[in-house]
Amino acid sequence: MGTNSKSSHSSYAIAPAGAPETVEAGEGVVLAAAPTEPELSDGLVKATTDLMVAMDNLDALAVGNGVATGNYPELPDDPVERYDIFADQIKAAREAIEQLKAEGASEEEVKAQLDALRAQSLAYLTALDPEELQQIAAAKGFEHPALVGLSGKSQHPLVHWLDPYYNDDIPSKQKIQAAAQKRYEQLAAGQTVGGMTLADLQQIEGTSGAPDAPAGTWAATPDQFKAAVDAWTQASHEAAYAKGVLDSDKLKNLLDAEKQVLTAHSPDTPDLEAKKNEIQVWTGDPLAVAKINQSTVMPLVQEALASGEMSLTEAQHLKPVELVGLLRTGTPEAEKEALKATAQARKDQLKALDNALDVHQGGKQDIHTELTLPDLAGNPEAAAQVASWAKSTGELHTLQQEAQGWIHETLQSPVDIGFANPALLTSHQVDPKALTTEFNAWAKNQKIGDLRAVAGELGMPDPGKANRAQLQGYIAASFNPALDKDAINAKVQAAAAKKQASAAAKAASPLASDEAVNALKSKLASSTGTAPAPPAGGAGVGGLTQESKVEAAIKMGASPVQAQKLAQAAAAGPTKPIPKAPKKPAAPGSFNGKVQALIAGLQQVKATAQDVPARIDSDVVGSWDFGAGTPANLGGTYSKTLHSAPDGSSWLFKADHNGGVIAHSEAAASHALSLGGVPAVPVYVKKVGGKVGSVQPMLKGASHFASDPSKWSQSDVDAIVRSHVGSWIVGDHDGHQANVLRTASGGLVQIDRGQAFKHWGSDKLSLGYAPSGGGSYDPVHQKLYSAALSGGLADGVKVNHAVVQPVIKSFEAIPDSQWRSMLHSTAYEGAKAGSGVHWVPAMRKQAAKKHGIAAAKVSTEQIAEAFLDHAVERKQNLRKAFAEFFVKDLKMPQAASLKHGAE
């Protein structure tokens, strides 16, 4: 070991007087002397010479070992001083190599020199023993270096942390420090790490019983620490019981008292760290109940600005409660960094607002002026200009709405906000509905071909197939959230497909045979019974509209003329008794078979819709009194009770033994599935009899679904595939046989979504994945796919990937903001400490990765936000995920078209 001196090292001239012709740079690497050809630049010669000198000095450091070597003077004994010289030479060598690169050295030469330098740096540090590494690391600011490298295996972590070849701020070095800090927190909490106690560490570090307090702390005797705790108790009591808005002085007293306790250095106080941890947590209690507004925090923020503890960006863009979090000593650093990032994001948002306003004003100066978009005719640049205006106007409206959630709660006055950000003024607020009316009036005077050019600029897939109304709606949807681009595109494609089918039918050879026509007529008539014909365009008793009958007839091979006659005949009812349906289904793929499959599918969708109760407002359910219930013997993990709603309907209550976390999950899953068009029994969070749980209406006349895949119909299979999309997006892998019911009218619906989101972050969309267990607990969709691949389905029944298209589109149409809002309670309830929710570790890991911090330092809010980020990502990747699943797992290459929105 060296002298352990902490003095700054002097400048040592450790290079020889004359640089040699060649010099070895590590094992097997030889640097050539600078060429003497006159065409070489002076810069290249100098860079080569500097590199040779630095590498030669590094060799001397590596072999000198504190002893004079050759022409080199004696090196310092102190490892820290010797390391400083070593780091300086690494830096000099890096600079020389960068200069070589700038002077035109080849990439191969530059790479070879960097590799040699990296090897030289690693060799020097690896030769140091652990005590020297810890001594150097402590001198360079590493906290508790004795807490890393405890295993003694492989390379010591401090070798990498000290390596000057790499920048100090890279994540891998930060993780090493984070590991040491986490272990120190474990020691402070009374645990042992690698057989080491806190006292052992203090002895190693020489801090036990130190008379002087570490930087950032104050030396306190046990009595002084107790007095600080008493002062905190008084300040917290005054803040908690303050009437009205919390006084600024009371807030300052509480924050100062917390800081005094948390920064106390009192080695003789028993359980010091445990007491500090309690104060840190308890300070949040009075702050949670106190009324804090701008006047409360203004004096404290002004002091923080004057002292440099807070930036102007943070002061101007954070809410009062957020500013308190930034001012608190007890707020974890990760949360403070998140608050700072929020302030910067809001500042950037205001800048984006102003940029969007500049473009918007190119077409509309303010709400009092008329819309003045350029005429598209004869102007090749006008289409792009109008598209840019529509897009920027939409961004302006979105940003204005988002800013309303925070802008009026900051410390800035409304006058200052408006002066600095005119996009927030009332005169510039975007009114989508009124603006759409103005836009449509302008668009009526433009040629349809020019409107198609604008729609194409905005991403419309087939503007050539759209009519004027669809084009105007698509363009306006860029700034009017009430209009749906996907829905408009779907109508365009449907109209084009219908037109194409009609043309194909006209061009087809002979009309359908009389036998086929009679068969179709019989099937269509049977769907309506013998009731009188409904009004034109209305639905008959069987639920099929006139248009759907015409479309069905064309798909089955009838001409348009025949289709119209057949639909009319079916609506009027048969003139003679309808033959009974054949006991044996028609041959798969035949005309009659297609008709049967079509009608069966329509009937099942209708049956499910009419049997599953519609979702009502959760506030209405929340106001109901369900009274005392009776035990419901329905199986499952927890007890259930049956109750009567005010309208006399029967409802099921399931108590949540996790404090409401599972109830929130099941209710959110039910709501999400209903928005995506997947049949789901509505579930609501409700407290009944003093217990938190979930309530849901009972299904009348429902029975269990057949367990044999060979007995499933095509409509059953289609329903299972559609339901699988919903199960995946909410992460429910518990859809086994007992959780799928046949409704009274023949529909299918999955129940008991209590395991929704359970495996988020760790699950996978693949054949055979069943985390709830195998056998009878395999999800029904897994049984379906296995049967399909092994030939276990009925003749003519198959998995049809196209049925997922409308479900995926429905989920894709849900705005990300609505999706996050709907799952907000589920995320934050589950992220609470002690919730025991299965997905928390996976989301903690994702949050740690996102914020670049240790998992132990991730806050509850960061876990919840990681959950919501995953929710959005899962929705956005839904189409791609199922396309790959069908192609790879189910060997259906034609399903690749799903990625592009095709069926």
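Buried means under 20% relative accessible area, exposed means over 50%, and partly exposed lies in between, as found with a 1.4 Å probe and with protein chains only as cover. The model shown is predicted, and local features need pLDDT of at least 70 while side-chain atom pairs count only at pLDDT 80 or more, although totals for chains, interfaces and linings use all residues. Residues are numbered from 1 along each chain as its sequence is written, and side-chain values use heavy atoms, with hydrogens and water left out.

**View 1. Helix H14 and the helices around its buried residues.** Helices (H or I, at least four residues) and strands (E, at least two) are DSSP runs, numbered from the N terminus. Helix H14 spans residues 320–327 and is mostly covered, since six of its eight residues are buried. These buried residues are Pro320, Glu322, Leu323, Val324, Gly325 and Leu326. They pack against helix H9 (248–262), helix H11 (284–289), helix H12 (294–307), helix H13 (312–317) and helix H15 (333–360), where a contact means heavy atoms within 4.5 Å.

**View 2. An open sheet of three strands.** The strands follow the order S10-S11-S12 with antiparallel pairing, and two strands pair if DSSP finds at least two bridges between them. Strand S10 (703–704) and S12 stand at the edges with a single partner strand each, so one side of each is left without a neighbour in the sheet. S10 and strand S11 (residues 740–742) pair in the antiparallel sense over two bridges, and His704 stands opposite Leu741 in S11.

**View 3. The largest cavity and its lining.** On a 1 Å grid over the protein atoms alone, a cavity is a set of points where a 1.4 Å probe fits but cannot get out, and lining residues have an atom within 4 Å of a point. Grid points are joined across faces, edges and corners, and a volume is the space filled by probe spheres set on the points. The structure holds four cavities of 30 Å³ or more, and the largest has a volume of about 70 Å³. Its lining includes His724, Ser727, Trp728, Lys764, His781 and Phe885. Helix H28 (714–729) and H29 are the elements that give two or more residues to this lining, and the largest share, three residues, comes from H28. By class, the lining has four nonpolar, six polar and two charged residues, where Ala, Val, Leu, Ile, Met, Phe, Trp, Tyr, Cys and Pro count as nonpolar, Asp, Glu, Lys and Arg as charged, and the others, Gly among them, as polar.

View 4. Asp752 itself lies in the loop between strand S12 (748–750) and helix H29 (780–790), and Asp752 is partly exposed, with a relative accessible area of 30%. Most residues other than glycine have a negative phi, whereas phi of Asp752 is near 55°, a positive value.

**View 5. Lys891, in the segment after helix H34.** Helix H34 covers residues 878–889, and Lys891 lies in the segment after it. Phi of Lys891 is near 55°, a positive value in a residue other than glycine, and Lys891 is exposed, with a relative accessible area of 60%.

Notes. On a 1 Å grid over the protein atoms alone, a cavity is a set of points where a 1.4 Å probe fits but cannot get out, and a pocket is an open set with protein on both sides within 12 Å along at least five of seven lines; lining residues have an atom within 4 Å of a point.
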